[in-house]
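Hi,

Here is the structure I promised to pass on. My notes on it follow below, with the cut-offs spelled out as they come up.

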Amino acid sequence: VDTSGGSLHRRGYRQNQLHAPMQETVAAAIIKMSHWNGETLFYDPFCGSGTLVCEALMHAARIPAGYLRKSFGFERLPDFNAKKWQEIKKIEDEQIKPIPRGLINASDIDAEAVEIARMNCQNLPFGDSISLRQADFKELGTLRGITLITNPPFGVRMSNEKELLKLYKQFGDFLKQFCPQSTAYIFIGNRKWISHIGLRPKWKKPLKSGDLDGRLISIPIYD
């Protein structure tokens, strides 16, 4: 019996995407595992298509995962109660709340990625509250006391591994120098790349994304 009527990981906000985007449910898991609760500024310096950003918005604004779905498979079951379903939806939709402008921030060096992320965010309530810009992370300046959650490039947008590992080292240097009193949660597609960041993780948790047997790492950054 198909009660979903299509894969539930497809939230519906991602109308456009770059190559090899992160699955929505993996992004949602990363947000949950970070314990980010909206009390600190959120920043993603490698936003790509904006999947982590959109999931952060859904989490902070309490938007139900299936909010944009037009229909579900269970609606075609013989004992489906349309009235009860509308009551349940109403209860959940009433939990949705606006978020402060500038609470969620993101950037990417790729202008096309930023534009795609902006379009995807606009498909969700309060998507215009998210601050997006084109920028190289090395030019962001000081980000004090933030929660940084990101998925750095893992090969698709980098020409070779040597270039990739150089990027990871530069990103680690950026965290040390410009993100005091912050915590970074970084999904890394290959565990051997973790050491190239040059910072000791507080913890590492296995997390699969497609063919990647990756790790989500937590790095607290002090003054």
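Which residue in β7 is the bridge partner of K204? It is I217. Before the rest, some ground rules: this is a predicted model, where local features need pLDDT of at least 70, side-chain atom pairs count only at pLDDT 80 or more, and totals for chains, interfaces and linings use all residues. Residues are numbered from 1 along each chain as its sequence is written, and side-chain values use heavy atoms, with hydrogens and water left out.

**The sheet**

Helices (H or I, at least four residues) and strands (E, at least two) are DSSP runs, numbered from the N terminus. Two strands pair if DSSP finds at least two bridges between them. With that in hand, there is an open sheet of seven strands, in the order β3-β2-β1-β4-β5-β7-β6, and the pairing is mixed. The edges are held by β3 (131-134) and β6 (203-209); each has a single partner strand, so one side of each has no neighbour in the sheet. Direction ignored, neighbouring strands are turned by 20° against each other on average.

Helix α1 (residues 24-34) packs on this sheet, touching β1, β4 (147-150), β5 (182-188), β6 and β7 (212-221). Its direction makes about 165° with that of β6. Here axes are lines fitted to C-alpha atoms, for helices over the stretch in contact, and angles run from 0 to 180 degrees between N-to-C directions. Contact means heavy atoms within 4.5 Å.

**Around β2**

β1 (residues 42-44) and β2 (residues 104-108) run in the parallel sense, paired over three bridges. F42 has I104 as its bridge partner in β2, and Y43 has N105.

How many of the five residues of β2 are buried? Five of the five, where buried means under 20% relative accessible area, exposed over 50%, and partly exposed in between (1.4 Å probe, protein chains only). In a regular strand the side chains alternate between the two faces of the sheet. In β2 both faces are covered, with I104, A106 and D108 on one side and N105 and S107 on the other.

**The β6-β7 end**

β6 and β7 pair in the antiparallel sense over seven bridges. Their hairpin has two residues between the strands, and G210 takes a positive phi near 65° in it.

L207 sits in β6. Is L207 buried or exposed? L207 is buried, because its relative accessible area is 13%. Leaving aside neighbours within four places in sequence, L207 contacts a set of residues that includes V26, A29, I30 and M33, as well as F187 and L216.

**Other residues to look at**

- H9, in the segment before α1, is buried at 19% relative accessible area. H9 touches Q23, E24 and T25, not counting residues up to four places away in sequence. H9 and Q23 are 14 residues apart in sequence and 7.3 Å apart in space, C-alpha to C-alpha.
- N120, in helix α4 (residues 111-121), is buried with a relative accessible area of 0%. Beyond neighbours within four places in sequence, its contacts are Y13, R14, Q15, N16, S49 and C54.
- H35 is not a glycine, yet has a positive phi of about 60°. H35 lies in the loop between α1 and β1 and is exposed at 63%.
- R62, also not a glycine, has a positive phi of about 60°. R62 lies in the loop between α2 (51-60) and α3 (82-93) and counts as partly exposed at 47% relative accessibility.

**A pocket**

The second largest pocket holds about 220 Å³ of space. Its lining consists of P64, G66, Y67, R69, F72, W85, I88, K89, E92 and D93, which divide into five nonpolar, one polar and four charged. For the classes, Ala, Val, Leu, Ile, Met, Phe, Trp, Tyr, Cys and Pro count as nonpolar, Asp, Glu, Lys and Arg as charged, and the others, Gly among them, as polar. A pocket here is an open set of points on a 1 Å grid over the protein atoms alone, where a 1.4 Å probe fits, with protein on both sides within 12 Å along at least five of seven lines; lining residues have an atom within 4 Å of a point. Grid points are joined across faces, edges and corners, and the volume is the space filled by probe spheres set on the points.

Cheers
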